[in-house]
Amino acid sequence: MDMKSLLKSGAFVQESAKPSMFKELDATELYCPKCGQAVPVQKRLLLVLPDGDKYEYRCAFCAESVGTKMDRRDQSIVR
Ligand SMILES: [Zn+2]
């Protein structure tokens, strides 16, 4: 994915000063079975584990959980 399609997809709508912005690009839309369509999602930290953080994606409309993601810490993260 190049920068233009990322911008088009709205991945950068949130203009925060998050340093890891370019390192980690999250899915901004996922399919929600309740809404029956792709929906914007909210990422929530679910669990902090020794080998990484587990995130949950929730539908922005009905708050249904539409997916989870494991962010592993085994790749060296520069902070
Ligand atoms: Zn939904």
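Biologist: How do you know which parts have the lowest and highest confidence?

Modeller: By pLDDT, the predictor's confidence in each residue, from 0 to 100. The chain has a mean of 78, and 62% of its residues reach 70 or more. Helix α1 (residues 3-8) is lowest, at a mean of 64. Strand β3 is highest, at 94. Where pLDDT is low, the predicted coordinates should not be read in detail.

Biologist: What makes a stretch a helix or a strand?

Modeller: Both are DSSP runs, numbered from the N terminus: helices are H or I, at least four residues, and strands are E, at least two. The chain has one helix and four strands. Their order from the N terminus is α-β-β-β-β.

Biologist: How do you know that β2 and β3 pair?

Modeller: Two strands pair if DSSP finds at least two bridges between them. Eight bridges join β2 (residues 37-49) to β3 (residues 52-59). Therefore they meet the definition of a pair. The two strands run antiparallel. Val48 stands opposite Asp53 in β3. Asp53 in turn stands opposite Asp71 in β4. Seven bridges join β3 to β4, again antiparallel.

Biologist: Why do β1 and β4 stand at the edges?

Modeller: The four strands form an open sheet in the order β1-β2-β3-β4, with antiparallel pairing. β1 (29-32) and β4 (65-72) each have a single partner strand, so one side of each lacks a neighbour in the sheet. The twist averages 40° from one strand to the next, with axes as lines fitted to C-alpha atoms (for helices, over the stretch in contact) and angles from 0 to 180 degrees between N-to-C directions.

Biologist: Why is Ala63 called exposed?

Modeller: Ala63 has 12, so it is exposed. Ala63 lies in the loop between β3 and β4. Phi of Ala63 is near 65°, a positive value in a residue other than glycine. The hairpin of β3 and β4 has five residues between the strands.

Biologist: Why is Met70 called partly exposed?

Modeller: Met70 has 13 other C-beta atoms within 10 Å, so it falls in between. Met70 is found in strand β4. Setting aside neighbours within four places in sequence, Met70 is in contact with Gly52 and Lys54. Contact means C-beta atoms, placed from the backbone, within 7 Å.

Biologist: What makes a set of residues a nonpolar core?

Modeller: The set must be buried Ala, Val, Leu, Ile, Met, Phe, Trp, Tyr and Cys residues, joined through C-beta atoms within 7 Å. The largest such core has six residues: Cys32, Val39, Val41, Tyr57, Cys59 and Val66. Beyond four places in sequence, the contacts of Val66 include Cys32, Val41, Tyr57 and Cys59. Of the 79 residues of the chain, 8% count as buried.

Technical notes: Residues are numbered from 1 along each chain as its sequence is written. This is a predicted model: local features need pLDDT of at least 70, side-chain atom pairs count only at pLDDT 80 or more; totals for chains, interfaces and linings use all residues. A residue is buried if 20 or more other C-beta atoms lie within 10 Å of its own, exposed if 12 or fewer, and partly exposed in between; C-beta atoms are placed from the backbone. Two residues are in contact if their C-beta atoms, placed from the backbone, lie within 7 Å.
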